[in-house]
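Please read its numbered points alongside the display below.

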Amino acid sequence: MPVYSARVLVSLRPSVLDPAGEATRAAAGRLGVEGVAKLRIGKAVELEIEAPDLETARERLSLLSDRLLANPVIENWTLELAAGGQGQDPSSPVGEG
Amino acid sequence: MAIGVVVFPGSNCDRDVRWATEGCLGVPTRFLWHEERDLSGLDAVVIPGGFSYGDYLRCGAIARFAPILQEVAAFAERGGRVLGICNGFQVLTELGLLPGALTRNEKLHFLCEDTSLQVSPGHCQWLQGYGDGETIHLPIAHGEGRYQVDPGQLQELEDSGRVVLRYQANPNGSLGAVAGLTNRAGTVLGLMPHPERACDPATGGLDGRRLLASLLG
């Protein structure tokens, strides 16, 4: 069964307040890094999945992202997907990606 | 002799430390609010356990920028004695006064239990009251206590006698079973267990008392 590499990026919806991001933005100033106008914290989930083909892999990962990795009430997610496991970078997808 | 105890919004062992140092040992102790900068008259500073702000990003990652910690870092540079307990240890690693990082416990559980530790005091000024290889019992209470550092650096720490406290049963999966570390000078100590909770027979054991009493020596 082919292996696919994926990266799911989970971010807060723009309307949701991010106090942790705001505290981190304030700390950037204290480090001496000026000009950080916006800072919001999300998650990156890296995974490998076995599936018969790319489309099936995409379907399964969409279900996973929608129901487990992200809460659609407060979060958006995007999926990067590529053929091949073990160090394959999903952000430079092969074929359809 | 006087001790300062740093207080962040979220610190919850600050009173316990003061009870141990002032209540049990009779050492004048004052609280240092995170926005303060005045360490005058202090012989040692304790960064206590609990939380620091919301521990956003990583435990201690934001706290290291607190005004008081800039002074504590300078105090440590001048040879002042600094003790970081639990969240305080995490803060010391983020601040760069001690190497490595404390990460989520291997088995995920928050651990609240007594642990057996082996002490190797070496040059650590905080541990001179203990024998080399002595076993002591102190409580732990943490979710993120798994010590991580790159293997080469761990070897260096071992070789220079800076791993001064080691778990006997390694409850959190720490690399090298590290429970406590000192700096090159032996003036800074960071540890995950809580010595301040073992200074009064009424609250379980006295094994932490000699650590804080070392201040009096």
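Among contacts in chain A between residues at least 6 apart in sequence, what percentage join residues at least 24 apart?

1. The model under review is predicted. In chain A, 63% of the contacts between residues at least 6 apart in sequence join residues at least 24 apart.

2. The three strands of chain A form an open, antiparallel sheet with the order 2-1-3. Strand 2 (43-50) and strand 3 (75-83) of chain A are its edge strands, each pairing on one side only. From one strand to the next, the twist averages 20°.

3. Nine bridges join strand 1 (residues 3-12) of chain A to strand 3 of chain A, in the antiparallel sense. Within strand 3 of chain A, A82(A) is the residue opposite S5(A). Helix 2 (residues 54-69) of chain A packs on the sheet and touches strand 1, strand 2 and strand 3 of chain A. The direction of helix 2 of chain A makes about 155° with that of strand 3 of chain A.

4. As to overall dimensions, chain A has a radius of gyration of 17 Å, whereas a compact globule of 97 residues would have one near 13 Å. The C-alpha trace of chain A spans about 50 × 30 × 20 Å along its principal axes. Of the 97 residues of chain A, 13% count as buried.

5. Between the chains, six residues of chain A are in contact with six residues of chain B. The side of chain B that touches chain A comprises five nonpolar residues, one polar residue and no charged residues.

Technical notes
Residues are numbered from 1 along each chain as its sequence is written. Chains are lettered from A and ligands numbered from 1 in the order in which they are written. This is a predicted model: local features need pLDDT of at least 70, side-chain atom pairs count only at pLDDT 80 or more; totals for chains, interfaces and linings use all residues. The radius of gyration is taken over C-alpha atoms; the globule rule is 2.2 Å times the number of residues to the power 0.38. A residue is buried if 20 or more other C-beta atoms lie within 10 Å of its own, exposed if 12 or fewer, and partly exposed in between; C-beta atoms are placed from the backbone. Two residues are in contact if their C-beta atoms, placed from the backbone, lie within 7 Å. Ala, Val, Leu, Ile, Met, Phe, Trp, Tyr, Cys and Pro count as nonpolar, Asp, Glu, Lys and Arg as charged, and the others, Gly among them, as polar. Two strands pair if DSSP finds at least two bridges between them. Helices (H or I, at least four residues) and strands (E, at least two) are DSSP runs, numbered from the N terminus. Axes are lines fitted to C-alpha atoms, for helices over the stretch in contact, and angles run from 0 to 180 degrees between N-to-C directions.
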